[in-house]
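Trainee: I would like to go through this model with you, one question at a time. Shall we start?

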Amino acid sequence: MTISISRARKTIYELGHRTMISQSNLAQRVLRSLIGINEIPPQSTIDEVERRIQALLQRDLSNVEAGYYPESLLTQMPVLEYLSRAPEMILDLPRVIRRMQSNDYKDLPEQVPLEGYPPYYRRTFHWQTGGYLSRHSARIYDLSVEFLFAGLADVMRRQIIPPLHEALRSSQASSDRPRRLLDVACGTGRTLSQIRLALPETRLYGIDLSPYYLDESRSKLDASISLTAGNAEEMPYRDDYFDAVSCVYLFHELPRNARRKVLGEILRILRPGGTLVVEDSAQLAESAELVHAFEGFSRDFHEPFYQDYVRDNLDELVEECGFELVSSEPHYVAKVVVARKVQPN
């Protein structure tokens, strides 16, 4: 079913995002100045980022008009919640800046038993207080990410919905049971919340390593979504169980061998013919013009595996791990890779 969005609604949508982008960029410049980061990206990078922003906003509107997700998703951002949590994020900035300046990436809560987590996980990714192992971090994470991406994080996330929609619609035609979809590294549940509105008849599952982020998910998602604490390198699901798997912004935070282990597990739990949709940072293979941004991101936000990730082409990686590559497409500073588990002969 296709719908038409009025010209006035499109104008309001774009003006709203342009305002958020402008305000976020101004705040980020002030913050970078306070930290002592005054480097200005080359004009070619600025121009390319602007082109990609415009393309992303147009794609978002086109996806609604094509019926991939409802128009309500365009205004799903919980603005009042973010405003209520903004003071918490702002008051925490001195600790974040101190951590950045002292390179203290092991500043984790003393009361958390770290032995149950892989070594690469025991760090303050993004310099955030508590890393992924505190309620404070889980409370302000979505706000922080929207601030980092100038209000476009949710817009990028939902670009996984069209390929999921196509894959699940075609597979549903051959079976009467509800389709099953797992979101790997579901975090605070922002991706699952958007998928729920777009694919209401799909049975949804999520898995994440952080119990604090899962608690945040449970406080926001409906009880029909099954959430599990676990490591994506060894998931507690049986073989060939899921019709589709999504994974958003995980692989750039994994070392090279862990990326392959996670993909091996996803291959195991997907049914033959099932679809994997990965969204993560853009990479050098398709976005070499953003190399300046790639270098700055890993340097400024404590992303120790990022420089390896941007060179570890996801398109080739999914094929290396046994999938059939279906498509790969950049969206702003992200990319969406769609792959399929090959049917047996």
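Trainee: What is the relative accessible area of N257, and is N257 buried or partly exposed?

Mentor: This is a predicted model, where local features need pLDDT of at least 70, side-chain atom pairs count only at pLDDT 80 or more, and totals for chains, interfaces and linings use all residues. Residues are numbered from 1 along each chain as its sequence is written, and side-chain values use heavy atoms, with hydrogens and water left out. Buried means under 20% relative accessible area, exposed over 50%, and partly exposed in between (1.4 Å probe, protein chains only). N257 has a relative accessible area of 47%, so N257 is partly exposed.

Trainee: Which helix holds N257, and how far apart in space are N257 and E233?

Mentor: N257 lies in helix α9. Helices (H or I, at least four residues) and strands (E, at least two) are DSSP runs, numbered from the N terminus. In sequence, N257 and E233 are 24 residues apart; in space, C-alpha to C-alpha, the figure is 10.0 Å.

Trainee: Which residue forms a salt bridge with E233?

Mentor: A salt bridge is a side-chain nitrogen of Lys or Arg within 4 Å of a carboxyl oxygen of Asp or Glu. For E233, the closest N and O atoms of the pair are 3.9 Å apart, and the partner is K261.

Trainee: Where do the two ends of that pair sit, and how many residues apart are they?

Mentor: The pair links distant parts of the chain. E233 is in the loop between β3 and β4 (242-248), and K261 is in helix α9 (residues 256-269). Their separation is 28 residues.

Trainee: Is E233 buried or exposed, and what is the relative accessibility of K261?

Mentor: E233 has a relative accessible area of 18%, so E233 is buried. K261 counts as partly exposed because its relative accessibility is 46%.

Trainee: Which residues do salt bridges that share partners join into one network?

Mentor: Side chains of opposite charge can pair when their charged atoms come close. Here shared partners give one network, made of R256, R259, R260, D308, D312 and E320.

Trainee: How many salt bridges does the rule give, and what is the N to O distance between D154 and R190?

Mentor: The count comes to 41 salt bridges. In one of them the side chains of D154 and R190 meet, with an N to O distance of 2.3 Å.

Trainee: Which helices does the pair D154 and R190 link?

Mentor: D154 and R190 are both buried. They are 36 residues apart, and the pair links distant parts of the chain. The helices are α5 (residues 153-157) for D154 and α7 (residues 190-198) for R190.

Trainee: Which helix holds both R169 and E166?

Mentor: R169 and E166 form a salt bridge, their closest N and O atoms being 2.8 Å apart. R169 counts as exposed because its relative accessibility is 52%, and E166 counts as partly exposed at 32%. The two are 3 residues apart, about one turn, in helix α6 (residues 161-172).

Trainee: D183 is buried and has no salt bridge; which side chain of opposite charge is nearest?

Mentor: D183 is found in strand β1 (residues 180-184). Contact means heavy atoms within 4.5 Å; beyond neighbours within four places in sequence, contacts of D183 include T191, Y205 and S246. For charge, Lys and Arg count as positive and Asp and Glu as negative; His and the chain ends are not counted. The nearest side chain of opposite charge is 8.0 Å away, and it is R157.

Trainee: Why do the buried residues of α8 lie on the same side?

Mentor: In helix α8 (residues 211-218), the buried residues are Y213, L214, E216 and S217. The arc is that of the directions from the helix axis to the C-beta atoms. These residues lie on the same side of α8 because they cover an arc of only 155°.

Trainee: What covers the buried residues of α8?

Mentor: The cover includes helices and strands. Among them are α3, α4 (135-148), β2 (203-208) and β3 (226-229).

Trainee: What is phi of D240?

Mentor: Most residues other than glycine have a negative phi, and most peptide bonds are trans. D240 is in the loop between β3 and β4. Its phi is positive, near 55°.
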